[in-house]
Amino acid sequence: MKCEIIRDLLPVYCDGLASEETREEVNKHIEDCEDCRERLRLMREAVPEVPKADIEPMKKIKRSLRLRLALVIGMVLIVLFAGAYNMLVANPMAISSRNIEVTHYANGQGSKVYICEFKMKGQTRYSSAEIQSGSEVIIDKENDCVCVDGEKLAVASLDYEPVYAPADGELYDGGLLIVRVKCDTLLKAIRYDYPLRYGEFAPAEQELTLRPCLPFRQNMDNCIGEDTFVADFPAYQCGEGAKLTIHCRDKDVVVDLHELAVEEGLLTE
């Protein structure tokens, strides 16, 4: 094969791209042709060796990035866990007003209650004695006692002896207004804040906050294991202005206790 042809094939030969037959022909030729053999040597020397890439720094960078990513993911998980714990256990949010339903009913319609002060062991105490509907009640000022169906009304006992109600008390409409607040929630417990405000004669002004929560790490004295909170109000505390305020996270729901007591027949307008 002519030298001109071999010289045209040398670049392909050097790059290892020549076919097997071409390589055989070039090898035969350069064995006998010193000029072509020298050209091949110079051509090989002119091609620089490609140094092997040092990938160790890249490995360190990748390890550093993986460690940073793991730290970021860990911090995000901690924040999410802390937020969920705070919302569901430590300080749960109040329920939305859209998720509550208020119903009511009455017990003891037509009954009476006698509220009085009496002294026992030198201390002044209060009593509210329920009297069944249809009973005859006589407040005997002369003998300082209250008779129900011909018998003295006992309000306490001292050393197994009855303590009778004095005649300076007041007779009120009796019965209980029962208010049920049902919560629509997926959680298994309801924590309630219900600071009772007792008043023997004053209209009730109660406040209630319901918080859906998980049933652990809670003060279970203030939790119910169902979705309904029940409160009862004596009829004598359901006068004009009596109300139950349910604090929700979006707005307050105000229940007019006087209106409900009249509706249930516990009171008259």
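Reader: In β5, which residue is the bridge partner of V137?

Author: The model is predicted, so local features need pLDDT of at least 70 and side-chain atom pairs count only at pLDDT 80 or more, while totals for chains, interfaces and linings use all residues. Residues are numbered from 1 along each chain as its sequence is written, and side-chain values use heavy atoms, with hydrogens and water left out. Strands (E, at least two residues) and helices (H or I, at least four) are DSSP runs numbered from the N terminus, and two strands pair if DSSP finds at least two bridges between them. β4 and β5 are antiparallel and pair over four bridges, and the β5 partner of V137 is V148.

Reader: Which residue in the turn of the β4 and β5 hairpin has a positive phi?

Author: The loop in question runs between β4 (137-140) and β5 (145-148). Four residues separate the two strands of this hairpin, and the residue with a positive phi of about 50 degrees is D144.

Reader: Is D144 buried or exposed, or does it fall in between?

Author: Buried means under 20% relative accessible area, exposed means over 50%, and partly exposed lies in between, with a 1.4 Å probe and protein chains only. The relative accessible area of D144 is 45%, so this residue is partly exposed.

Reader: In β6, which residue is the bridge partner of V148?

Author: β5 is joined to strand β6 (residues 151-152) by two bridges, and these strands run antiparallel. Their hairpin has two residues between the strands, and D149 there takes a positive phi near 55 degrees. The β6 partner of V148 is E151.

Reader: Which residues of β5 point the other way from C145 and C147?

Author: The side chains of β5 point in two directions, and the four residues concerned are all buried. C145 and C147 point one way; the other way point V146 and V148.

Reader: Why does D159 count as exposed?

Author: D159 is placed in the loop between β7 (154-158) and β8 (161-164). Its phi is near 55 degrees, a positive value in a residue other than glycine. D159 counts as exposed because its relative accessible area is 65%.

Reader: Which residue in β9 stands opposite V113?

Author: Strand β2 (residues 112-120) pairs with β9 in the antiparallel sense, over four bridges. Opposite V113 stands Y172.

Reader: Which residue in β10 stands opposite H104?

Author: β1 pairs with strand β10 (residues 176-183) in the antiparallel sense, over eight bridges. The residue opposite H104 is V179.

Reader: How far apart in space are H247 and S96, C-alpha to C-alpha?

Author: H247 belongs to strand β15 (residues 243-247) and is partly exposed because its relative accessibility is 23%. H247 and S96 are 151 residues apart in sequence, while their C-alpha to C-alpha separation in space is 9.0 Å.

Reader: How many disulfides does the structure hold?

Author: A disulfide is a pair of cysteine sulfur atoms within 2.5 Å. By this rule the structure has none: C3, for example, is in no disulfide, and the nearest cysteine sulfur, that of C33, is 3.7 Å away. The number of disulfides is zero.
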